[in-house]
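Please go through this structure one part at a time. The paragraphs below begin with one chain and then turn to its partner.

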Amino acid sequence: MAAAPKRPFRWHIGVFLAPAVLVYTAIMILPLAGTLQLSLFRNIDQVQVFVGLENFRRLFGDPNWSVSFWNALRNNVWFFIIHMIVQNPIGVLLAALLSSPRLRFSAFYRTAIFVPTILSFVIVGFAWKLILSPLWGVAPNLMDLVGLKSLFTPWLGKEQYALTTLSLISVWQFVGIPMMLIYAALLSIPEEVIEAAECDGITGMAQFWKIKLPLILPSIGIISILTFVGNFNAFDLIYTAQGALAGPNYSTDILGTFLYRAFFGFQLQIGDPNMGAAIATMMFLIILGGVCVYLFLVQTRLRRYQF
Amino acid sequence: MTTKLLTALLLGTSILGSAGMAYAQDVTLNIESWRGDDLAIWKDKLIPAFEAKNPGIKVVFAPSAPTEYDAAMGAKLAAGSAGDLITCRPFDKSLELFKKGNLADISTLPGMENFSDVAKAAWQTDDGKASFCVPMASVIHGFIYNKDAFDQLGIKVPTTNEEFYAALDKIKADGTYIPMAMGTKDLWEAATMGYQNIGPNYWKGEEGRTALIKGEQKLTDPQWVAPFAELAKWKPYLGDGFEAQTYPDSQNLFTLGRAAIYPAGSWEIGLFNTQAQFKMGAFPPPVQKAGDTCYISDHTDIGMGLNAASKNADAAKTFLSWVASPDFATIYANALPGFFSLNNTPVKMEDPLAQEFVSWRDKCKSTIRSTYQILGRGTPNLENETWVESANVINGTDTPEAAAKKLQDGLDSWYKPAK
């Protein structure tokens with residue numbers, strides 16, 4: 001039996017892939033594996049001892065941990081919901097307005113709305129803390145000008161409002177991203193499709209709902225998943241605006257800040273890298289689960305249009 | 001993503017850490033600290049004074065932000081990029097570093113004999129056998145008031161609770177000043193300047209604190225709930241929107257002359273002296289009845305230890321011995337009024353406000369914050385929970401009893417007092 005002719009091993013594939021694979025492995029895969037491994041150990045008398053799922057049993061079984069965890073998860077879900085129902089619709093609306101050919105200065109608006117996205121969280125957190133400050137902030141005065149002073153409360157200090165306020169600040173910062181992505185999607189809709197719609201008498205709002213929206217749905221899907229991943233990894237804004245204890249009364253505590261306190265400790269609380277890694281692992285699983293649901297249930301059903 | 005954050009943090013700290021290393025003929029010592037405010041004092045006064053006496057040793061003071069110090073320090077020590085000299089937080093934070101072998105044992109360091117056992121207690125093992133940091137300073141709690149405002153309204157400095165609330169009522173009725181500058185946004189103000197400030201008068205200082213550690217008293221006992229009840233009464237005297245008022249906001253409110261009373265720690269003295277345009281005075285936490293013994297929180301706050309991995313251990317020890325000397329104490333206490341030396345040799349201080357604070361040491365009994373020694377060890381962390389609950393009590397989210405119960409329950413979950 002003659003051996004099949006051996007194809008020469010294509011070294012160049014390996015060579016071209018190597019840099020990306022090595023860098024990605026070193027800075028993403030290894031730390032991730034390290035975190036997963038760390039979550040299965042405990043530090044007993046300065047020695048790392050393998051304890052199996054003990055850390056996770058503590059995280060869910062010990063009320064001292066589980067109450068905080070569920071609280072953080074609940075807050076995180078609310079943080080995500082606000083983004084989904086405020087940020088993305090506004091993003092779509094802005095993109096629709098921007099893509100209107102009759103709008104003047106659209107480049108200016110586009111830039112102005114996108115600028116906050118490139119600001120540092122520290123600046124955003126600090127600026128908004130000042131704007132909303134009951135002592136020196138401009139918010140009370142501005143509201144006074146329109147006669148709404150009575151509606152002003154120290155939002156960041158009230159348990160019932162703080163998280164929603166922070167979510168809206170985050171929306172303000174990031175609304176430019178869905179806007180840009182949708183804007184690009186809207187621009188890529190071919191003229192012929194629009195013209196055909198007009199020939200069929202579909203114009204104005206109906207055109208948006210029946211023609212454009214279905215065509216940009218895949219982009220909206222991508223934005224939703226980006227928002228999901230971003231929100232469940234969020235940490236910076238809460239940390240800069242409310243501190244690591246995510247006050248008042250943990251009402252703004254999300255998974256990121258909960259992880260930070262557990263991993264690095266805070267004030268007298270001494271950091272516990274193992275419990276921290278367990279929380280990080282849970283965050284990883286939550287995000288992985290969300291992304292999988294999207295990929296397998298939503299993405300496959302979105303119809304693609306080839307032009 | 002979280003791991004990315006972590007990697008970035010670790011990389012960041014290690015780069016920053018090594019950037020401080022200068023390669024010169026002289027030995028260069030790096031001091032790690034969270035006291036960024038003191039940069040000028042170290043650079044202009046303390047370090048030159050030391051370098052003049054010890055040629056060949058250069059010292060660099062490299063502070064980081066207070067809220068990041070502990071986390072950054074842990075990462076740097078683990079990565080081996082920390083400075084030679086480590087500014088020590090009191091109690092367990094440093095004890096933990098010592099147990100990990102990051103801080104060297106300096107019990108036999110020349111100069112350690114200048115400190116009393118109480119002063120050294122914050123940086124010793126539980127059995128008191130090994131010391132690992134030189135005590136530098138303590139801070140005292142009390143209230144700083146606007147003297148001009150008090151004179152204008154004809155208010156006498158309050159000594160009892162009754163007088164205290166009468167004064168607050170009078171300021172509030174007048175309306176020119178916000179009676180008290182304190183906010184609950186940053187949480188720790190409520191706990192440190194509130195609960196730990198007035199508390200010792202109720203739990204009788206060391207007596208209550210040690211009884212709590214021994215398990216003879218509980219946080220739900222009346223003497224531990226009473227300070228919370230007092231805090232709840234403060235709410236109407238705080239400024240509008242105090243729920244979102246941060247610590248710097250409170251400082252500014254007071255130094256701008258808009259508030260009359262500031263629940264303080266003595267560390268404010270330096271800053272207030274430079275910023276306030278009016279005369280200031282201070283009074284210790286008011287007692288319940290005239291004639292009661294007064295108790296103050298005189299909290300051991302800062303020490304300095306030796307990084308066990310330091311390559312310049314000998315030079316660093318020379319520096320630490322100098323830190324333990326009366327020379328250092330005099331420069332430090334005068335340069336930083338409000339940080340009181342723990343040295344046995346009495347230090348002469350110029351600042352009147354600082355003198356006022358330190359004079360309470362003679363007439364009142366000193367104690368340290370109740371949540372630090374031993375009790376500040378576990379999870380949920382008693383100190384951090386006290387922050388949250390003190391703010392809750394002032395905000396009206398929790399009743400004093402509910403707050404105390406939450407703290408005791410949290411403590412019970414991990415702390416079993418030795419019987």
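How much of residues 77–99 of chain A is helix, how much is strand, and how far apart are the end C-alpha atoms? In this predicted model, the stretch is 96% helix and 0% strand, and its end C-alpha atoms are 32 Å apart. The stretch is one of those that an unreviewed UniProt entry lists as "transmembrane region": residues 12–33, 77–99, 111–131, 161–186, 215–235 and 275–297 of chain A.

In the unreviewed UniProt entry, "domain: ABC transmembrane type-1" covers residues 73–296 of chain A. Over this span the chain is 72% helix and 2% strand, and the end C-alpha atoms lie 23 Å apart.

Helix packing comes next. Two packed helices are described by the angle between their axes and the distance between the axes. Helix H3 of chain A, residues 63–98, packs against helix H8 of chain A, residues 176–187, at an angle of about 45°, and the two axes are 8 Å apart. H3(A) and H8(A) are therefore oblique to each other. Their crossing is right-handed. On the H3(A) side the contact uses Gln87(A), Asn88(A), Gly91(A), Val92(A), Leu94(A), Ala95(A), Ala96(A) and Leu98(A), while H8(A) supplies Pro178(A), Met179(A), Ile182(A), Tyr183(A) and Leu186(A). Sorted by class, this contact has ten nonpolar, three polar and no charged residues.

Which residues of H3(A) and H10(A) make the contact between these two helices? Helix H10 of chain A spans residues 204–232, and its axis comes within 10 Å of the axis of H3(A), crossing at roughly 145°. This crossing is right-handed. From H3(A) the contact takes Asn76(A), Phe79(A), Phe80(A), His83(A), Met84(A), Gln87(A), Asn88(A), Val92(A) and Ala96(A). From H10(A) it takes Phe208(A), Ile220(A), Ile223(A), Ser224(A), Thr227(A), Phe228(A), Asn231(A) and Phe232(A). The classes here are ten nonpolar, seven polar and no charged residues. Gln87(A), Asn88(A), Val92(A) and Ala96(A) take part in the contact with H8(A) and also in the contact with H10(A).

Some backbone details follow. Most residues other than glycine have a negative phi, and most peptide bonds are trans. Phe105(A), in the loop between H3 and helix H4 (106–114) of chain A, has a positive phi near 60°. The peptide bond from Gly247(A) to Pro248(A) is cis, with omega near -10°. Pro248(A) sits in the loop between helix H11 (236–242) and H12 of chain A. Chain B has a cis peptide bond between Thr379(B) and Pro380(B), where omega is about 0°. Pro380(B) belongs to the loop between strand S10 (365–367) and helix H17 (382–395) of chain B.

How many residues does each chain give to the contact between chain A and chain B? Chain A gives 34 residues and chain B gives 38. On the chain A side, the elements that give two or more residues are helix H1 (11–38), helix H12 (255–264), strand S3 (265–266), strand S4 (269–270) and helix H13 (273–298). H1(A) contributes the largest share, four residues. The chain A side divides into 19 nonpolar, 13 polar and two charged residues.

Ten residues of domain 1 are in contact with eleven residues of domain 2 of chain B. On the domain 1 side of this contact, six residues are nonpolar, two polar and two charged.

Notes. Residues numbered from 1 in each chain as written. Chains lettered and ligands numbered in written order. Predicted model: local features only at pLDDT ≥ 70, side-chain atom pairs only at ≥ 80, totals over all residues. UniProt positions renumbered as here; feature names shortened; annotations may be inferred. Contact = placed C-beta atoms within 7 Å. Nonpolar A, V, L, I, M, F, W, Y, C, P; charged D, E, K, R; others polar. Axes fitted to C-alpha atoms, helices over the stretch in contact; angles between N-to-C directions. Parallel < 35°, antiparallel > 145°, perpendicular 65-115°, else oblique. Left-handed = near helix turned anticlockwise from the far one by under 90°.
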